[in-house]
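Me: I would like to learn how to read a structure like this one. Please show me the model first.

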Amino acid sequence: MFFKKKEQENLTPEEKLKELNEKFEKKRNLTGIAAKICSILAICMSLYHMYSSGIHMLPQFQHRAIHLAFALALTFFIFPATSKQKNRLPIWDIVAIVFSLAVGAYLTLDYMNIVFRMGDPIARDIVIGAVMIFLVLEATRRTMGWPLVIVAICFLLYAFFGHLIPGTLGHRQYGVERIVEHMFLTSEGIYGVAIYVTATFVFLFILLGAFLTETGGAQAFIDLAFSLTGRFRGGPAKAAVLASGLMGTISGSSFANVAGTGTFTIPLMKSVGYKPEFAGGVEASASTGGQIMPPIMGAAAFIMAEMTGVPYGKLIVHAAIPAILYYVAVFIMVDMEAAKLGLFGMKKSELPVFSKVFKDGAFLLLAPFSIVYMLLAGYSPIKASVTAVLIVIITSSFRKATRMSLKSFLRALDLGARGALSVIAACAVAGLIVGTVTLTGLGLKFADFIIALSGGQLHLALLLTMIASIIMGMGMPTTALYIILGSMVAPALVKLNVPVVAAHLFIFYFGCMASVTPPVALSSYLAAAIAKADSVKTALQGLKLSSSAFILPFVFALSPRILLLNTSLGSATTAIITATLGVVALSASLEGYLMGRLPLLLRAVAGVAAICLIDPGWLGDVIGLVILSVILLSQIIARKKRYEARDEVNSLE
């Protein structure tokens, strides 16, 4: 692949990525027999999921128990409790590993007896369940940090002490035994819908990403993006937007997306004249958009399908247009910035040749396209993901450069399992939160509380939901955040007549945007580290470039035509066109450029046009179109005058 051999700033991309992983991921340096056992365990986990999804799957409770047992054991292998344990495996971690595997075996082998005594657990069940809850919390702390753990503990405390709270948020008293039983022995707690989704859908998609990376498919995305856009003005930034969008369709993680593509794109953006902060902001905003871009959209998309009851194939169709509009906005702002700075594209000799890239790597891109086809054709996500993994394995053997050896095949299995750990831990601990909601009825109470607080006004309820989503999303993984808000806040929006899909996508969007929203803009901070830029300025650039994602959710919540819900073809087309023009006007307002530089007054007027065009309703569309037309006319006149002045100067010379 073209860019793999190119060194940037004295470090190859692989060396840079390794350096960043060491900086941002506090993983244990395993050696000797411990490293071998860990790899064997990871490979067994991946092989088990391929077998269970492609050939035969155990009953769901047993399958989830095995899935989580593997994940917890690997987590205690790989992630140390403290930085001091980075080079050693202490005895209590060994105990935790053995216990995690033993619990998986216990729930699988004693499954029928557990089912028969459900509702009347014995002391052994309660003790094991209590320890398991602690291990889930500790595994999450090691992989995701304290924020999500603190939230989960608060919910557990609410389940125990909530009866003491006066008013609408109180509930009847629950003892420790009842809480532990609900969280451990039912499908409403740890082994609930979130773990169900990671065990059946998400793991295989993460495994697909590992195989694509190992065979060069991920690099093919980057090369393809550069071959298509690199020669235009600001080419590397446009390539970053396209590459991150393509990578996001399979990774679903903004942080992984920044690390995967940013090491290539950010130095190239800087080399053609973009400021480091803007280059980092482009990568952060483009990578964050990968979470909202179908077909995968991270783990949350599968959970959303389960929570809304909307088939996954239909859900990604509803989500497609707003995601595309988001990338259109980022792409336009990147182009406007390049025009303002007078930047050029890269030289032809510096770019991969499209025909060669397509010839060498097109077959590796069949897997993502097969997912879309199979989902739209009505196949299950499990079938689509297994097929995609097999396609990668088979098609990679067509060329010597991409052919997998036994070693690389096992490495892909190993990396796939390791890459899923943080998602699984987050979903397991989110099960504790959802379990509290179902046990106490908190979801309906909280929904009624939001409706009361907003006075039944939809606009105010949406604003309150946005603020809650962003605040809770700061430092919290998107999947876990969506599970919490989907069970507690989305019902309030549905009660206010927002369509179910629109309500869930609304909170999902703002949960995703938390990763580029200061002060805890994690994706932007990682991009700043790669760009060697000021982290605050990079975060502000990322926020500006992602601004469309703060408006689009209000559009489809108030008028879900761009989600293709309850609308005709003509009405949907009109909504898409006006929303696109609104995105252009918003970009012009924020960048201060349309066909030329915009003075402050015209920037403000363009902002008004954006709001009018994006806001549903024919009156707003007409006003917005008139305003945008006036701005364009003034720009055309100004450009004509500039050309005339330049021609006059040339004639005098």
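Me: In which loop does Lys532 lie?

Reply: Helices (H or I, at least four residues) and strands (E, at least two) are DSSP runs, numbered from the N terminus. Lys532 lies in the loop between helix 25 (522–531) and helix 26 (535–545). Its phi is near 55 degrees, a positive value in a residue other than glycine.

Me: What should I know about the source before going on?

Reply: This is a predicted model: local features need pLDDT of at least 70, side-chain atom pairs count only at pLDDT 80 or more, and totals for chains, interfaces and linings use all residues. Residues are numbered from 1 along each chain as its sequence is written, and side-chain values use heavy atoms, with hydrogens and water left out.

Me: Is Lys532 buried or exposed?

Reply: Start with the cut-offs. Buried means under 20% relative accessible area, exposed over 50%, and partly exposed in between (1.4 Å probe, protein chains only). Lys532 has 64% relative accessibility, so Lys532 counts as exposed.

Me: Which loop holds Asn566?

Reply: Asn566 lies in the loop between helix 27 (552–558) and helix 28 (569–591). Asn566 is not a glycine, yet has a positive phi of about 50 degrees. Its relative accessible area is 74%, so Asn566 is exposed.

Me: How many helices and strands are in the chain?

Reply: The chain has 30 helices and 0 strands. Of its 653 residues, 58% count as buried.

Me: What does the radius of gyration tell me about the chain?

Reply: The radius of gyration is taken over C-alpha atoms, and the globule rule is 2.2 Å times the number of residues to the power 0.38. For 653 residues, a compact globule would have a radius near 26 Å; the chain has 26 Å, which agrees. Along its principal axes the C-alpha trace spans about 95 × 65 × 50 Å.

Me: What span should helix 29 have?

Reply: The expected span is 1.5 Å times one less than the number of residues. Helix 29 (residues 600–614) has 15 residues and should span 21 Å; its end C-alpha atoms are 21 Å apart, which agrees. Buried residues in helix 29 include Ala606, Gly607, Cys612 and Ile614.

Me: How many salt bridges are counted?

Reply: A salt bridge is a side-chain nitrogen of Lys or Arg within 4 Å of a carboxyl oxygen of Asp or Glu. The count comes to 15 salt bridges. One of them joins the side chains of Arg141 and Glu138 (2.8 Å, N to O). These two residues are 3 apart in helix 6 (residues 123–144), so about one helical turn separates them. Both Arg141 and Glu138 are buried.

Me: Which parts of the chain does the pair of Glu591 and Lys544 link?

Reply: Glu591 forms a salt bridge with Lys544, with the closest N and O atoms 2.9 Å apart. The pair links distant parts of the chain: Glu591 is in helix 28 and Lys544 in helix 26, 47 residues apart. Glu591 is buried, with a relative accessible area of 1%. Lys544 is partly exposed at 21%.

Me: Which residues do salt bridges that share partners join into one network?

Reply: Arg28, Asp93, Glu138, Arg141 and Arg142 are joined into one network.

Me: How many aromatic pairs does the structure hold?

Reply: Rings of Phe, Tyr and Trp (its six-membered ring) pair if their centres lie within 6.5 Å; planes under 30 degrees apart count as stacked, over 60 as edge-to-face and the rest as tilted. The structure holds 15 aromatic pairs. In one of these, the rings of Phe61 and Tyr111 have centres 6.3 Å apart and planes at 25 degrees, so the pair is stacked. Phe61 lies in helix 3 (residues 60–78) and Tyr111 in helix 5 (residues 111–116), so the pair ties together parts 50 residues apart in sequence. Phe61 is buried, with a relative accessible area of 12%. Phe61, Tyr111, Phe184 and Tyr191 form one aromatic cluster.

Me: Which residues make the nonpolar surface patch?

Reply: Patches are made of residues with over 30% relative accessible area and no salt bridge: like charges are joined within 9 Å, nonpolar side chains (Val, Leu, Ile, Met, Phe, Trp, Tyr) within 5 Å. Accessible areas come from the Shrake-Rupley method with a 1.4 Å probe; for residues, only the protein chains shown count as cover. Ile153, Leu157, Phe160, Phe161, Leu164 and Val176 make a patch of about 530 Å². Helix 7 (residues 146–161) gives the most to the patch, with 4 residues. Phe161 lies in helix 7. Phe161 is partly exposed, with a relative accessible area of 41%.
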